[in-house]
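I opened the model to look up a few local features and keep notes. The entries follow in the order in which I took them.

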Amino acid sequence: MTGPLAAWIFLRLLALIYFAAFASLSAQINGLIGAEGILPAAEFLDAARARWGGAAWLELPTLFWLGVSDDLLMDACYVGMAAALALLLNVFERVALLLCYGLYLSLVSVGQDFTSFQWDMLLLESGFLALFLRLAPSIAVWLYRWLLFRFMFMGGVVKLASGDPTWRNLTALNYHFETQPLPSPLAWYAHHAPAAWLQAATVAVFVIELAVPFLVFCGRRGRLVAAVCFVALQGAIILTGNYTFFNLLTIALCVFLLDDGNLRRPLGARISEAHAGSTDAPGRLATYLIGTLAALILTVCALRLWMDINRRPPVQPLYALARLASNWGMVNGYGPFAVMTTERREIIVEGSRDGIDWLPYAFPYKPGDPARPLAWNIPHQPRLDWQMWFAALGDPRRSEWLANFLQRLKAGSAPVIGLLADNPFPGAPPRHLRLSIYRYEFTAPEERGRDGAIWRRSLLGRLTPE
């Protein structure tokens, strides 16, 4: 059975992921939401207070209601990293778990567009359940399995429910590797795999996401098969794309599909014996509380499933319950890649001092120079690079954060410029900015063989912000 050894392993893996998440944010938080950042947290909280009044803390649960500044944002990241290390070393475990969850929730609540990703929600929900893992392990393990089932199964459901033709005709992977936000160095090779292989891989995705999840509830052998399939899928995604700690966390959740007997041999006798009895015996009150929590989670999950199917919110106060649970990271909706992007557009930000000669701003990871090689960056997430991908999917002129970003570039904001790979205007900011929109495509093998370029691109148009 899944026991204390699996719980101990998961908490160590969770600690590493928390550390990576806080460290990644620390490198960019002030440029994103600091006082001179793209979307200042202080202004956001002022607007939230004006909108919701005394109930604002329910909508935005964050410690930054007590005060927010660049130093405090950084301190939250550093304390989160320290708490993650304490959790990793099994020092003040419960305090460390509470700090990690509370600080990450606080940062996500004020991060706005830059922390609205599904992996942020998955980390919060996983961290929330971890608060109860030692109190009532049997119920907590069941809730983790339910979380993993929901995450995988809904990934398949949303692909079918969206009506996207590429998923229905099994051609989605013909586009995915080229059009995903930050392709890995292996994405180019995957894109050029034979069409029959890509079609078979698409079928495998549906099998793993729609059929295999039910094995989570089918005994020891069924869970083991599910774990192998889930890890194989997540591993393939890691090899071909950069999705921060998303896939790593999903793999960590698969620990709860394994029995302690499956884990003792690879870990060795010394570690296994040291943690074989490390879980506290649950008291009656703890069992009652986590049982109530389980009922709440199942209720909210049913509401979310109803909303996904019917495409509309339920009646109040059920909608309020689902919203509150989501605000606090307790229960979230999942379903990545519901609709496949079939054309890759990239926004190239260019500046000029005279309106004649234009120089591009280079981003650390997103495509720019067609000859620049692809790279891995997991578990780090360059959140501005990601948002530039989303902005290119629609009309950039309708993006508030993008307009703010351009204003910060014109003002020469040091924290914002620090988010970029280089600054083509080191002496003084440019007087003019424009957005050049390109279509990017992977080069064919013969093209890459000639000059080594990963991409070819064609100009679609230019926009001059006011």
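I sort residues by relative accessible area: buried is under 20%, exposed is over 50%, and partly exposed is in between, with a 1.4 Å probe and protein chains only. The model is a predicted one, so I note that local features need pLDDT of at least 70, that side-chain atom pairs count only at pLDDT 80 or more, and that totals for chains, interfaces and linings use all residues. Residues are numbered from 1 along each chain as its sequence is written, and side-chain values use heavy atoms, with hydrogens and water left out.

**Entry 1**

I looked up Leu-170 and found its phi near 65°, a positive value in a residue other than glycine. Leu-170 is partly exposed, with a relative accessible area of 24%. It lies in the loop between α9 (165-168) and α10 (173-179). For these labels, helices (H or I, at least four residues) and strands (E, at least two) are DSSP runs, numbered from the N terminus.

Gln-112 is not a glycine either, and its phi is positive at about 55°. I placed Gln-112 in the loop between α6 (93-111) and α7 (118-130).

Gly-329 follows α18 and has a positive phi near 70°. Within α18 (residues 318-327), I listed Ala-322, Ala-325 and Asn-327 as buried.

The peptide bond that joins Ile-378 and Pro-379 is cis, with omega about 5°. Pro-379 sits in the loop between β2 (359-360) and α19.

**Entry 2**

Two packed helices are described by the angle between their axes and the distance between the axes. I take axes as lines fitted to C-alpha atoms, for helices over the stretch in contact, with angles running from 0 to 180 degrees between N-to-C directions.

The axes of α19 (residues 383-393) and α20 (residues 400-411) come within 10 Å and cross at roughly 125°. The two helices are therefore oblique to each other; angles under 35 degrees count as roughly parallel, over 145 as roughly antiparallel, 65 to 115 as roughly perpendicular and the rest as oblique. The contact (heavy atoms within 4.5 Å) is made by Leu-384, Gln-387, Met-388 and Ala-391 of α19 and by Trp-401, Leu-402 and Phe-405 of α20. By class, I noted six nonpolar, one polar and no charged residues. Here Ala, Val, Leu, Ile, Met, Phe, Trp, Tyr, Cys and Pro count as nonpolar, Asp, Glu, Lys and Arg as charged, and the others, Gly among them, as polar.

**Entry 3: the cores**

I used this rule for a nonpolar core: a set of buried Ala, Val, Leu, Ile, Met, Phe, Trp, Tyr and Cys residues joined through side-chain atoms within 4.5 Å. The largest core has 125 residues, and Val-349, Leu-384 and Phe-405 have the most contacts inside it. Helix α1 (residues 4-26) gives the most to this core, with 14 residues. A second, separate core has 13 residues, including Leu-173 and Ile-348.

Which residues does Phe-405 contact, leaving aside its neighbours within four places in sequence? I found Ile-38, Val-349, Phe-363, Leu-384, Val-416 and Leu-420.

**Entry 4: Ser-126**

Is Ser-126 buried or exposed? Ser-126 is buried, with a relative accessible area of 0%, and it is found in helix α7. Leaving aside neighbours within four places in sequence, I found Ser-126 in contact with Phe-10, Tyr-144, Leu-147, Leu-249 and Leu-253.
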